[in-house]
Every structure is written in structure tokens, then in C-alpha cells.
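Welcome, and please load the model in your viewer.

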Amino acid sequence: MSLRFSSHVFNPHSAKHHSFFLTRFSSQFIKKIQVSSIPYAFPSSIVNSSELYKFGREKQNPITVSSTTPSVETAKTSSFRNKNPKEVNILVVGSTGYIGKFVVNELVSRGFNVIAIAREKSGIRGKKNEEETLNELRGANVCFSDVTNLETLEKSVESLGVPIDVVVSCLASRTGGVKDSWKIDYEATRNSLVAGKKFGASHFVLLSAICVQKPLLEFQCAKLKFEAELMKEAEENGGFSYSIVRPTAFFKSLGGQVELVKDGKPYVMFGDGKLCACKPISEPDLASFIADCVLGEDKINKVLPIGGPGKALTPLEQGEMLFRLLGKEPKFLKVPIGIMDFGIGVLDFLVKIFPSMEDAAEFGKIGRYYAAESMLVLDPETGEYSAEKTPSYGKDTLEEFFERVLREGMAGQELGEQTIL
Ligand SMILES: NC(=O)c1ccc[n+]([C@@H]2O[C@H](COP(=O)([O-])OP(=O)(O)OC[C@H]3O[C@@H](n4cnc5c(N)ncnc54)[C@H](OP(=O)(O)O)[C@@H]3O)[C@@H](O)[C@H]2O)c1
């Protein structure tokens with residue numbers, strides 16, 4: 001049985017999995033344990049003994065922070081870029097998310113050694129058990145751990161016994177709540193940087209969001225803080241690089257009304273339906289772009305806004321598209337944006353009396369933000385959103401997505417736990 005498939009589980013915090021791991025592998029790799037002096041062995045398909053030895057030495061010499069200026073040239077020649085994909089070890093955090101699972105599949109299909117960090121109960125409201133997670137992330141080595149606890153995460157990565165070359169983070173708060181955003185979009189993502197660097201990572205690919213250009217929400221501020229620290233790291237450490245991916249809207253965020261409209265309800269939009277626009281991108285297309293960031297020299301130390309193919313679409317155009325596909329006469333319900341402002345005002349007032357309502361107020365602001373702000377590049381010269389300046393990538397269109405949802409429903413396109421993000 002190949003050791004590179006997701007039927008292999010590592011969990012340093014579960015006695016059950018710990019002993020599973022040791023009994024399963026130690027007899028086969030006892031030689032490597034002795035050579036490397038690393039407490040746990042790892043499959044030969046992941047690393048050879050000379051790499052284990054090198055890794056053992058690197059661990060004794062922690063990565064130092066130098067004061068040299070950022071060097072794309074140094075990053076280009078960094079060792080993992082010259083390796084064959086199968087020798088490149090990529091740690092993926094947020095591997096069980098809407099985008100993360102596609103990223104894992106894409107990286108696996110490109111031949112990389114993927115180590116996917118996951119929770120024992122993953123997915124929306126923790127609905128997926130370990131078995132389901134392993135199935136979903138087939139082809140990757142799944143390591144059950146806790147990204148919110150640095151010590152735990154470091155122990156988990158150490159237990160793998162292999163150096164890490166690249167970290168890819170698709171982590172995000174599942175709720176968008178105030179505390180959870182800081183805990184995940186900042187702290188847990190930072191933990192993955194610290195743990196990854198400790199075990200050799202010299203490149204970090206971050207899935208961020210285009211909306212951080214105009215930060216009015218807590219999760220945007222949390223993401224921006226991490227982005228800034230990532231850039232600083234590359235600035236201070238010439239051998240370290242990053243790619244920050246800032247996508248426009250995901251399909252799941254635009255599909256919420258498809259089944260309602262199919263059932264005869266009107267398409268609801270704010271203002272005249274032209275307040276905001278986006279260039280939606282599919283999960284496979286975005287995953288492919290993120291995978292390009294692992295080795296792509298043109299993506300080193302870059303902030304990369306990215307949208308899907310075709311022109312930018314306003315809610316009005318999305319609604320018209322939907323009615324056209326259904327062969328129905330368009331029926332719109334136009335809601336004044338002021339209604340949201342009123343609701344947010346009330347919630348903001350209530351939060352002052354009941355601080356526990358801070359998340360409810362934040363969700364209101366999130367709704368308001370996406371009702372009025374375009375998910376396009378904000379042109380610094382004009383201060384306006386620009387469809388022309390928003391790069392396109394991939395081949396999947398929103399129209400094809402709507403057709404699929406009309407045929408098959410929204411399975412796999414569920415929103416997060418507060419139904420906004
Ligand atoms: N929605 C959009 O239109 C849009 C547009 C542009 C950018 N984005 C950005 O894209 C990013 C990814 O979005 P997504 O929809 O793929 O996210 P998602 O489906 O909500 O996935 C979030 C990932 O983070 C993990 N995570 C969350 N809380 C955790 C915790 N407490 N402990 C451990 N892991 C935790 C989840 O693990 P579990 O499975 O265990 O929960 C999951 O793997 C976000 O940063 C978002 O802002 C979204």
C-alpha cells in the first residue's frame with residue numbers, strides 16, 4: 001500500500017493515532033529513525049535518508065533573520081524550486097475548506113508531496129469525521145492537528161519527520177465573527193508561518209481576499225495584519241518569499257438565489273443592482289492559480305488580485321442571466337441600501353449595551369459591505385473599482401455554474417456558518 005495516500009493519519013494528541021502511526025511505520029523505517037535521530041519516521045516516498053539527515057541539522061540551526069533587502073533572485077534559486085515536484089513537501093492549512101480541498105487535490109495532481117493539516121471534525125459545523133476527511137483529501141498525507149495552538153502544530157509537523165518547503169494557507173474563520181476572525185485569519189495563519197519556517201519552509205502562499213483593499217471589517221483587518229507580517233518576513237529574510245492571492249467572489253457567494261428564483265421568487269438586489277460587480281472565480285480555477293504560486297517565479301513576493309474569465313458582472317446582470325437560463329421573464333426586488341444602514345445602526349447601538357451582540361453587528365456590516373462594494377481591483381489613481389485592472393484566470397464561467405445549480409442544486413456550495421461568507 002502506498003504511503004502517500006490519505007489513509008495515513010497523524011495526530012500527536014490522540015494516543016490512538018499516535019500508536020497507530022508508530023506501530024504501522026516504525027518497523028518499516030527503523031533504519032531511518034536511527035540515521036536521522038528524528039523520533040518518528042516518515043515514508044520513503046516522502047523523503048530519503050540524506051534529506052532526513054540534512055533536516056536534522058537544519059533543526060539545530062534555527063532559521064535566522066537577516067537584515068538584507070528582499071531578493072527575488074535569492075528566492076528564485078531557493079532549493080525547492082530546483083527539485084522535482086515529488087520531492088517538494090507542501091504543508092496545506094485550511095485544507096478542508098471550500099477552496100482548500102481543491103488546492104490539495106490540485107497540488108496532489110501536480111505530483112507534490114502534500115501534507116494536509118485538518119481537524120478531527122472538519123467542514124461546516126464540524127460535520128465531517130476523519131474517514132470523510134481522508135476520503136476528501138485522497139492522495140495527501142493528512143495530519144490531524146490544531147492550527148490554533150502553535151505548540152501542538154509544531155509537534156505535529158515535527159512528528160512528520162520531513163522538512164517543509166512551502167506552506168499554503170487557505171485558513172479562514174468559518175463565521176466571520178470578531179474574535180474568530182482574529183483567531184483564525186491572523187493567529188492560526190501566523191502559527192502556520194512560524195511552524196512552517198521552523199521546519200524549513202522558504203515560501204508561503206496565502207489565500208487572502210480582494211476586499212482587504214478597503215478594510216472595514218474585522219476579518220479584513222486580521223488578514224491585512226498577517227499579510228503585513230508575511231511581507232516583513234520576506235523583507236528581512238532574503239531566502240524567504242511569499243505569494244499573496246487576493247481572489248474576487250467565489251461561486252458559492254453568488255449562487256444563493258438560484259434555487260429561489262427557480263421556485264418563482266424574485267431576484268433580490270440592493271439599489272439599482274449596479275452598486276457592486278465582481279469577476280467570479282471557480283474553486284478549481286482558483287486552486288490552479290494557487291498551485292501556480294508554488295513554483296511560479298513571476299509570482300514571487302507579489303500580491304496577486306485574481307478573478308475568473310469574462311467580464312465583470314453586476315447583481316443585475318447576474319439576475320438577468322439567471323432568468324435567461326430559466327427562460328422566465330425577469331422579476332426583481334430592489335431593496336434600498338439604506339435599510340441595511342438602519343439595521344446596522346440599531347445593532348451598533350445594542351452592542352454598546354450588550355457587548356455579546358458584537359458578532360451580530362459584524363455580520364450586518366459584512367452583509368452591507370458585499371451589497372455595495374465591488375470585488376474588483378481598486379484603482380489607486382482614480383479611487384474607483386476597475387474591471388480592466390482585475391486580472392482574469394481560468395475557464396469556468398458563472399453561467400455554467402448557474403446551469404449546474406439549476407440542474408443539480410447547491411450541494412458542495414454551502415456558505416459558512418453565519419451564511420454570509
Ligand atoms: N466567499 C468569497 O466569495 C470569497 C472571495 C474572496 C476571498 N475569500 C477568502 O477565501 C478564503 C477561504 O475561503 P473558503 O470559503 O475556502 O473558507 P472555508 O470554506 O470557510 O474554509 C476555512 C478553512 O479554515 C479552517 N478553519 C476555520 N476555523 C478553524 C479552526 N478554529 N481551527 C482549525 N481550522 C479552522 C476550516 O477547517 P474546518 O473544515 O475544520 O472547519 C477550513 O479548512 C477566506 O479567507 C475568504 O475570506 C472568499
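**Stop one: a loop residue**

Start by selecting R125, which is found in the loop between β3 (113-118) and α6 (130-136). Helices (H or I, at least four residues) and strands (E, at least two) are DSSP runs, numbered from the N terminus. Before going on, note that this is a predicted model, in which local features need pLDDT of at least 70, side-chain atom pairs count only at pLDDT 80 or more, and totals for chains, interfaces and linings use all residues. Residues are numbered from 1 along each chain as its sequence is written.

Check the backbone of R125: phi is near 55°, a positive value in a residue other than glycine. Most residues other than glycine have a negative phi. R125 counts as exposed because it has 10 C-beta neighbours inside 10 Å. (With C-beta atoms placed from the backbone, a residue is buried if 20 or more others lie within 10 Å of its own, exposed if 12 or fewer, and partly exposed in between.)

**Stop two: another positive phi**

Now pick N301, in the loop between α11 (283-295) and β9 (302-306). N301 is not a glycine either, and its phi is positive at about 50°.

**Stop three: strand β7**

Select residues 241-247, strand β7: 7 of the 7 are buried, so the strand is largely enclosed by the rest of the structure. S241, S243, V245 and P247 point one way, while Y242, I244 and R246 point the other way.

**Stop four: the ligand**

Which residues come nearest to the ligand? Of the 26 around it, they are T96, G97, S122, A172 and A209. A residue counts as near if its C-beta atom, placed from the backbone, lies within 6 Å.
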